[in-house]
Amino acid sequence: MAAAPIATGAPAITGSSSFLYSSPFSLKYPPPILSLYYGARPYKTSVPRNANMAKLQAGYLFPEVIHYFHLFLFLLLLSCDLVSDSLARALSTIDGYSGYGAEQGEKKVRAAIAATYYADLGIEDSDIFVSDGAKCDISRLQAYVDSSVIMGQTGLYQQDVQKYGNIEYMRCNPENGFFPDLSTVPRTDIIFFCSPNNPTGAAASRDQLTKLVKFAKDNGSIIVYDSAYAMYISDDSPKSIFEIPGAKEVAIETASFSKYAGFTGVRLGWTVVPKELLFSDGHPVAKDFNRIVCTCFNGASNIAQAGGLACLSPEGLKAMHDVVGFYKENTEIIVDTFTSLGFNVYGAKNAPYVWVHFPGRNSWDVFAEILEKANVVTTPGSGFGPGGEGFVRVSAFGHRENIIEAARRLKQLYK
Ligand SMILES: Cc1ncc(COP(=O)(O)O)c(C=O)c1O
């Protein structure tokens, strides 16, 4: 797969550069009031566009797919009535009102996350930062390719190899068991690793993660470990990088309620930054992350946090397991469909994604074929990076009747 890139470090953008603009002049306060001019020629400010934005290739994959083909999104089911009950209770009382909360998240929520997912792993409540979702935190950490591009950490996009300069891509495919040959990977500051993986559905084994942690330690790198699908793991693969001895000294972990409790729109996740993780000068990474969180974020919505807390109650955990179980059944239907048609499929066991191989074919062509002939939406593998060419990702996030209907149409198409 393509999406396990390593972003090499570069000095942070200085001066008054931002995501949006890149100005040689410093920011002045109060900001000037701009008057709008509606003339034949549009009024332009004097603020230069951030030149890095022009390096981006196309749009973000999913809006692109949706816009292109005017398609639908599968909806996550929220089979968790108690979540909405708790939200209503919290909101409808004077006691339930809260103003700004702690930027790092409510103590109760941090404690419940630590107790539920990190018991016996040496992770404390204070290591946990509650957020508005994993994507936001991974972007704040600049571990996504596009956010690194926007902030000027990468070089230009190289069309011939379909890669950005200054990023090492770790190709993960069936030949290497969806885990990179680390002996060929150069040293980088940051290693972004997602397990269970979106899009391939592969989960790294204990042995593989032990190798990854050792590799990071040998190189003095920091792993940003995306564990958004950990609850989908059915075998004995680790659900957290912190199950690996020594990981607290080299890793940050991001996680989310989105795919366990249908919180994609509610927005709630968390990031673990252990106190043991230090920069080269000995300064704790958590202290700087805390500074960034306090500066750029005013804490996750109290409504979302009340919902998250309900999810971590015994009833909530059961409801989340039921949701995960439902999608895992969908996954089996998809796997059976493609397998019966003679395709090689990967992933699925520990993730809500099936990674289907169409050897020698262009991912976007296969995507268009399935869309146009069966009216079923998949995601082209190459949209995730060059390693995804020849694959499409099929998501299990759908209503059961839609999954069954999609299976019927696929069987018709490829019989
Ligand atoms: C691997 C992975 N990480 C993170 C996210 C985003 O999670 P959130 O909704 O918490 O931002 C997704 C969403 O699809 C994902 O697939």
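Me: In this predicted model, which residue of E13 stands opposite Val354?
Reply: Val394 stands opposite Val354. The strands involved are E11 (residues 353-357) and E13 (residues 391-395).

Me: What makes E11 and E13 a pair of strands?
Reply: Two strands pair if there are at least two bridges between them. E11 and E13 have five bridges. Therefore they count as paired, given the cut-off of at least two. The sense is antiparallel.

Me: Why are E10 and E12 called edge strands?
Reply: The open sheet runs in the order E10-E11-E13-E12, with antiparallel pairing. Strand E10 (345-347) and strand E12 (379-380) each pair on one side only.

Me: Which strands pair with E9?
Reply: Strand E2 (residues 128-131) pairs with E9 in the antiparallel sense over four bridges. Strand E8 (residues 251-256) also pairs with E9 in the antiparallel sense, over four bridges. Val272 of E9 is the bridge partner of Ile128. Glu253 also stands opposite Val272.

Me: How do you know that both faces of E9 are covered?
Reply: Look at each side of residues 269-272. Gly269 and Thr271 are buried on one side. Trp270 and Val272 are buried on the other. Buried means under 20% relative accessible area.

Me: Why is the contact between Arg206 and Glu243 called a salt bridge?
Reply: The N to O distance between their side chains is 3.1 Å. The cut-off is within 4 Å, so this pair qualifies. Arg206 lies in helix H6 (residues 206-219) and Glu243 in the loop between strand E7 (222-226) and E8, so the pair ties together parts 37 residues apart in sequence.

Me: What makes Arg206 partly exposed?
Reply: Its relative accessibility is 38%. Buried is under 20% and exposed is over 50%.

Me: Why does the contact of Lys217 with Glu249 count as a salt bridge?
Reply: The N to O distance is 2.7 Å. Again that is within 4 Å, so the pair counts. Lys217 is in helix H6 and Glu249 in the loop between E7 and E8, 32 residues apart.

Me: How many salt bridges does the structure hold?
Reply: The structure holds 15. Glu124, Asp127 and Lys275 are linked in a network of salt bridges.

Methods: Residues are numbered from 1 along each chain as its sequence is written. This is a predicted model: local features need pLDDT of at least 70, side-chain atom pairs count only at pLDDT 80 or more; totals for chains, interfaces and linings use all residues. Side-chain values use heavy atoms; hydrogens and water are left out. Buried means under 20% relative accessible area, exposed over 50%, partly exposed in between (1.4 Å probe, protein chains only).
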